[in-house]
Amino acid sequence: MNGQYGDSTRSVKAAASQHVPGQPVASPPVPVSAYHLSADESQPMDTYGRSSNPTWRQLESALAELEGATSALSFGSGMAAITSVLRVIVKPGMTLVVPADGYYQVRLYATEYLAPLGVTVREVSAADMCAAAESADVVVAETPVNPTLDVVDLHALGIICRSRGATLVVDNTAPTPLGQQPLSLGADLVVASATKALSGHSDLLAGYVASCHAEVMAAVERERLLAGAILGPFEAWLALRSLGSAGLRFERQCHNALAMALMLRDHPAVRAVRYPGLPEDPAHAVACAQMRRFGGLVSFELADAAAVHRLVERSALVVSATSFGGLHTSVDRRARWGDPVADGFVRMSLGIEDTDDLIADITAALA
Ligand SMILES: Cc1ncc(COP(=O)(O)O)c(C=O)c1O
């Protein structure tokens, strides 16, 4: 199905309920902690809400479909999904590579919790990922990296990891499966926060793991059961409901991002811009080879922190918020959180507003 349809058709079909006459077209959530048990104890069945849920199953089959995976598992947040995978596949004595320039809490988890258990943790920037993979057991790559938006060549990285039996885990949060399918490029597992563009309304946290490796997925499911970092049924339902419009929203977000990057590139108040969709961006060639769309994030640099605060004050459309991928265009001054970037560095998440309105608003706010 993936090759056959466009993104909106794929997301609508993935989120659709089964065509059963008399049943709701839009599936209702199934909030449940305990299920009736059969007297036949050998019969496979739902038993308890921490081990299975019908709404999860629907969401997970939609996510697997979109990622081109044989299965997916939902979690209570992106971090819950990522750390579950790390607990399952990273063992003491192994070397783990994590992004030095990507989402900072992943490297914090690795250094604060895995390093003391005897794991060698190497923090590596996108540009050095392939070289670092030559001596790694597990590689976590994020591309485009949040917030600098550099791109990792997943095809090249996949070849290196496969040649030495290392496991490649790719964080697909920013591009979403509508922008990039890491499993088709050589990743063993996809991990992602569905809190961002995939659910897209800034009203829930969710995460998932997707893969074609049945054994690893069974181990991750077991870990989820025992650690309990599950997604609530209502959040699962909200995420499923949001998936149906993901293609449409993401298309507009990507369109707005390119228009914004082009405007910022030529604006005198802007010192530098990164967007993989800009033809002159250093990552453009690799991005073209592996991304279907370039995403809704644009990074740029203003003179200092005060210039970023002025931009937010003067804009009538932009909100100041961390997180990204929502309906509203938002900006986040990343140095605030300790990212190794300049004080005036801004990560802008493009929303679904009309492109002309956004460009006029930001142009005026920067003047
Ligand atoms: C790239 C990336 N991965 C993972 C996460 C963690 O996701 P969550 O906040 O849903 O736990 C984030 C959060 O910002 C992120 O940006």
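Good morning. Let us begin with Pro144, which is located in the loop between β4 (138-142) and α6 (154-164); helices (H or I, at least four residues) and strands (E, at least two) are DSSP runs, numbered from the N terminus. The model is predicted, so local features need pLDDT of at least 70, side-chain atom pairs count only at pLDDT 80 or more, and totals for chains, interfaces and linings use all residues. Residues are numbered from 1 along each chain as its sequence is written, and side-chain values use heavy atoms, with hydrogens and water left out.

Most peptide bonds are trans, and most residues other than glycine have a negative phi. Thr143 and Pro144, however, are joined by a cis peptide bond, with omega about -10°. Asn146 and Pro147 are also joined by a cis peptide bond, with omega about 20°, and Pro147 lies in the loop between β4 and α6.

Leu149 belongs to that loop between β4 and α6 as well, and its phi is positive, near 65°. Is Leu149 buried or exposed? Leu149 counts as buried because its relative accessibility is 2%, where buried means under 20% relative accessible area, exposed over 50%, and partly exposed in between (1.4 Å probe, protein chains only).

Asn146 also brings us to the ligand. A polar side-chain atom of Asn146 lies 2.8 Å from a ligand oxygen atom, and an N or O atom in the side chain of Ser193 is 2.7 Å from an oxygen atom of the ligand; a polar contact is a pair of N or O atoms within 3.5 Å.

Thank you for your attention.

Notes. Polar contact = N/O pair within 3.5 Å; in protein donor to acceptor, adjacent residues only side chain to side chain.
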